[in-house]
Amino acid sequence: MTTNFATYLCFTLAILALAQMCYAQNSPQDFVDAHNAARAAVNVGNIQWDDQVAAYAQQYANQRIGDCAGQHSGGPYGENIAGGGSGGYELSGIDAVNMWVSEKVNYDHNSNSCATNKECRHYTQVVWRDSIRLGCARVLCNSGGIFVICNYDPPGNFIGSSPY
């Protein structure tokens with residue numbers, strides 16, 4: 001009986017540690033911190049977590065569980081989406097934000113444009129000065145892939161306008 005209890009206790013502690021590790025890279029504060037680090041690098045004020053925006057992001061992410069499709073919601077907020085991995089934990093929320101921020105090398109602030117045939121609009125949404133509220137969600141899809149979404153209020157990425 002003691003051996004079974006010790007085995008059960010070890011198993012339970014291992015599961016809790018894994019859950020904490022996975023959650024730790026997907027908490028609201030982790031999303032906010034990753035965004036604010038990119039924003040600080042270009043002297044843009046902080047973005048704050050907003051429960052209403054986050055509820056919208058979660059609702060849409062839940063709709064993608066069945067297909068993990070990289071489709072935008074078409075909703076009222078600015079939006080970045082990312083997908084990847086299989087097996088559940090290959091793409092954390094921080095990984096998604098870092099992927100969007102990595103597009104900074106493709107953005108030319110002087111011309112307010114992306115390099116030819118390169119993507120940079122995920123990055124410009126992350127650092128869009130007027131976007132001050134953030135809500136994000138991450139789900140494990142039925143296929144084993146991951147869907148991550150961040151919504152921004154007010155939205156950004158208006159053609160002809162500079163993010164900062």
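The protein chain of this predicted model contains 5 helices and 6 strands. Along the sequence, these elements follow the pattern α-α-β-α-β-α-β-β-α-β-β. The chain has 164 residues, of which 42% count as buried. Among contacts between residues at least 6 apart in sequence, 67% join residues at least 24 apart.

Four of the strands form an open sheet, with mixed pairing, in the order 1-5-6-2. Its edge strands are strand 1 (48-49) and strand 2 (78-84), each of which pairs on one side only. Strand 2 pairs with strand 6 in the antiparallel sense, over 7 bridges. Gly78, for example, has Tyr152 in strand 6 as its bridge partner.

Helix 2 lies across strand 1, strand 5 (133-140) and strand 6, and runs at about 120 degrees to strand 5. Helix 3 packs on the sheet and touches strand 1, strand 2, strand 5 and strand 6; its direction makes about 25 degrees with that of strand 5.

Helix 2 covers residues 28-41, which is 14 residues. From its first C-alpha to its last it reaches 20 Å, close to the 20 Å expected at 1.5 Å a residue. Its buried residues are Asp30, Phe31, Val32, Ala34, His35, Asn36, Ala38 and Arg39. Just after helix 2 comes Asn43, which takes a positive phi of about 60 degrees.

Helix 3 spans residues 51-63, and Gln63 belongs to it. Gln63 is 76 residues from Val139 in sequence, yet their C-alpha atoms are 9.8 Å apart in space.

The last stop is strand 6 (residues 146-153), where Asn151 lies. Asn151 counts as buried because its relative accessibility is 0%, and buried means under 20%. What does Asn151 touch, not counting residues up to four places away in sequence? The residues are Val53, Tyr56, Ala57, Tyr77, Gly78, Glu79, Arg133, Leu134 and Gly135. With one of them, Glu79, the side chain of Asn151 makes a polar contact of 2.9 Å.

Notes. Residues are numbered from 1 along each chain as its sequence is written. This is a predicted model: local features need pLDDT of at least 70, side-chain atom pairs count only at pLDDT 80 or more; totals for chains, interfaces and linings use all residues. Side-chain values use heavy atoms; hydrogens and water are left out. Helices (H or I, at least four residues) and strands (E, at least two) are DSSP runs, numbered from the N terminus. Buried means under 20% relative accessible area, exposed over 50%, partly exposed in between (1.4 Å probe, protein chains only). Contact means heavy atoms within 4.5 Å. A polar contact is a pair of N or O atoms within 3.5 Å; within protein, one must be able to donate a hydrogen and the other to accept it, and residues adjacent in sequence count only if both atoms are side-chain atoms. The expected span of a helix is 1.5 Å times one less than its number of residues. Two strands pair if DSSP finds at least two bridges between them. Axes are lines fitted to C-alpha atoms, for helices over the stretch in contact, and angles run from 0 to 180 degrees between N-to-C directions.
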